[in-house]
Amino acid sequence: MLRNYLLIILLSSVSIRSSGQAIIDSITQFDSLIQMDNSRSVQNSILVDKDSVSKRPEQKEMWEFIKGISVHDQIMKRHPYFDFESKAILYKSDKKNFQGKELLFYLVTALILLFALLKLVFAKYFNDLIKVFFRTTLKQRQIKEQLIQTPFPSLLFNGFFVASTGFYINLLLHYIKFTPVDNFLLLYLYCCTGLIAIYVVKFIGLMISGWLFNVQQAAGSYIFIVFLINKIIGITLLPFIVLIAFSDGVVQSVSFLLSLCCIGGLLFYRFILGFAAIRNLVKLNLFHFFLYLCAFEAAPLLLIYKLLLFFL
């Protein structure tokens, strides 16, 4: 019996010891885990502190105040963190700039809108102008007097002739590569100014000649015919300007050739109308009229061309 009690006591002491040892081992393991976690947290905090703390800027020498420069600019120039003193680096963009015919488009559109506006507002004057040009009615004298008595539409259509013909001459100069001015708008302004100067001088010369030789009526008739053909030339050149401005190669060359033929035909038609109108009022020989054309029509243009070649 005693033997049994001793065996029970021995087994219970062994079990208590083993359980106690397991508890101690678990406590030790838990303590080691806590120590490892604490060491890791300490290392992380050290790393974070090391990264978050910025380096103290180097102490620069004392600088003197420069007169003429604001204090703000001098402070920013010597800023310890940001470099405001160096020049900025320029990076070129890879974006391609395409240069098209936008300027020609806007100018041609403006010319078309101007003609449409004049035709819409002064429809009667435009219809009478076409009738007189083609001589489609027997009331030529009456229609001519109506056209003469409306100077404001006549002035506007003359202005359209200057704008249209000046634009055409500008395109022609670029086509033959004779551009004394690189700026398209400036050359266009020069062309329009040259046309205005030529026809103002011609108008004044014809008026003075008619007054000197007492043929004011003949001079007035010829001036009317000259500006009538000019208006038709300005209108006729408009479709050719559209073709020349937005085409190249064969189409552009053919457009220039046809336009020059039209201008030559209209000028010849002006010669016929002018001679017929003057012959009814003044005893004039065809040879004398031809000499007038050579002296007052062709010679000034050739002289201007010669001066351009000499100066440019």
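Threonine 236 is found in helix 8. The model described here is a predicted one. With a relative accessibility of 26%, threonine 236 counts as partly exposed. The C-alpha atoms of threonine 236 and leucine 266 are 9.7 Å apart, while 30 residues separate the two in sequence.

Serine 221 also has its place in helix 8. Its relative accessible area is 8%, and serine 221 is therefore buried, since the limit for that class is under 20%. Leaving aside neighbours within four places in sequence, serine 221 is in contact with Lys144, Ala277 and Leu281. Leucine 281 is 60 residues away along the chain from serine 221, and the C-alpha atoms of the pair are separated by 9.4 Å.

**Overall make-up**

The protein chain has 10 helices and zero strands. Read from the N terminus, its elements run α-α-α-α-α-α-α-α-α-α. Of the 312 residues in the protein chain, 27% are buried. The accessible surface of the chain comes to about 23400 Å², and carbon and sulfur atoms account for 68% of that surface. Among contacts between residues at least 6 apart in sequence, 67% join residues at least 24 apart.

**Nonpolar core**

The largest nonpolar core has 55 residues, and those touching the most other members are Leu111, Phe167, Leu171, Tyr222, Ile241 and Phe289. Two or more residues of this core come from each of helix 3 (102-121), helix 4 (123-134), helix 5 (140-148), helix 6 (151-175), helix 7 (184-212), helix 8 (216-245), helix 9 (250-279) and helix 10 (286-311). Helix 8 supplies the largest share of the core, with 16 residues.

Which residues is tyrosine 222 in contact with, leaving aside its neighbours within four places in sequence? They are Leu206, Gly274, Ile278, Phe289, Tyr292, Leu293 and Glu297. One of these, Phe289, is itself listed with Tyr222 among the core residues that touch the most other members.

**Residues with higher accessibility**

Phenylalanine 290 is found in helix 10. This residue is partly exposed, with a relative accessible area of 45%. Between the C-alpha atoms of phenylalanine 290 and phenylalanine 275 the separation is 9.3 Å, and the two residues are 15 apart along the chain.

Lysine 177 lies in the loop between helix 6 and helix 7. Its relative accessibility is 75%, so lysine 177 counts as exposed, the cut-off being over 50%. Phi of lysine 177 is near 60°, a positive value in a residue other than glycine.

The residues with a stated relative accessibility are set out below.

| Residue | Relative accessibility | Class |
|---|---|---|
| Serine 221 | 8% | buried |
| Threonine 236 | 26% | partly exposed |
| Phenylalanine 290 | 45% | partly exposed |
| Lysine 177 | 75% | exposed |

**Pocket and cavity**

Rolling a probe the size of a water molecule over the atoms shows where empty space is left. The second largest pocket holds about 1200 Å³ of space. Its lining consists of 40 residues, and those nearest its centre are Ile148, Gly220, Ile223, Phe224 and Ile225. Helix 4, helix 5, helix 6, helix 7, helix 8 and helix 9 are the elements that give two or more residues to this lining. The most comes from helix 8, with 10 residues. By class, the lining of the second largest pocket divides into 25 nonpolar, 10 polar and five charged residues.

How many cavities of 30 Å³ or more does the structure hold? There is one cavity of that size. About 30 Å³ of space lies in the largest cavity. The residues lining the largest cavity are Tyr199, Lys202, Phe203, Leu206, Ile223, Val226 and Phe227. Helix 7 and helix 8 are the elements that give two or more residues to this lining. Helix 7 gives the most, with four residues. Six of the lining residues of the largest cavity are nonpolar, none is polar and one is charged.

Key
Residues are numbered from 1 along each chain as its sequence is written. This is a predicted model: local features need pLDDT of at least 70, side-chain atom pairs count only at pLDDT 80 or more; totals for chains, interfaces and linings use all residues. Side-chain values use heavy atoms; hydrogens and water are left out. A nonpolar core is a set of buried Ala, Val, Leu, Ile, Met, Phe, Trp, Tyr and Cys residues joined through side-chain atoms within 4.5 Å. Buried means under 20% relative accessible area, exposed over 50%, partly exposed in between (1.4 Å probe, protein chains only). Contact means heavy atoms within 4.5 Å. Accessible areas come from the Shrake-Rupley method with a 1.4 Å probe; for residues, only the protein chains shown count as cover. On a 1 Å grid over the protein atoms alone, a cavity is a set of points where a 1.4 Å probe fits but cannot get out, and a pocket is an open set with protein on both sides within 12 Å along at least five of seven lines; lining residues have an atom within 4 Å of a point. Grid points are joined across faces, edges and corners, and a volume is the space filled by probe spheres set on the points. Ala, Val, Leu, Ile, Met, Phe, Trp, Tyr, Cys and Pro count as nonpolar, Asp, Glu, Lys and Arg as charged, and the others, Gly among them, as polar.
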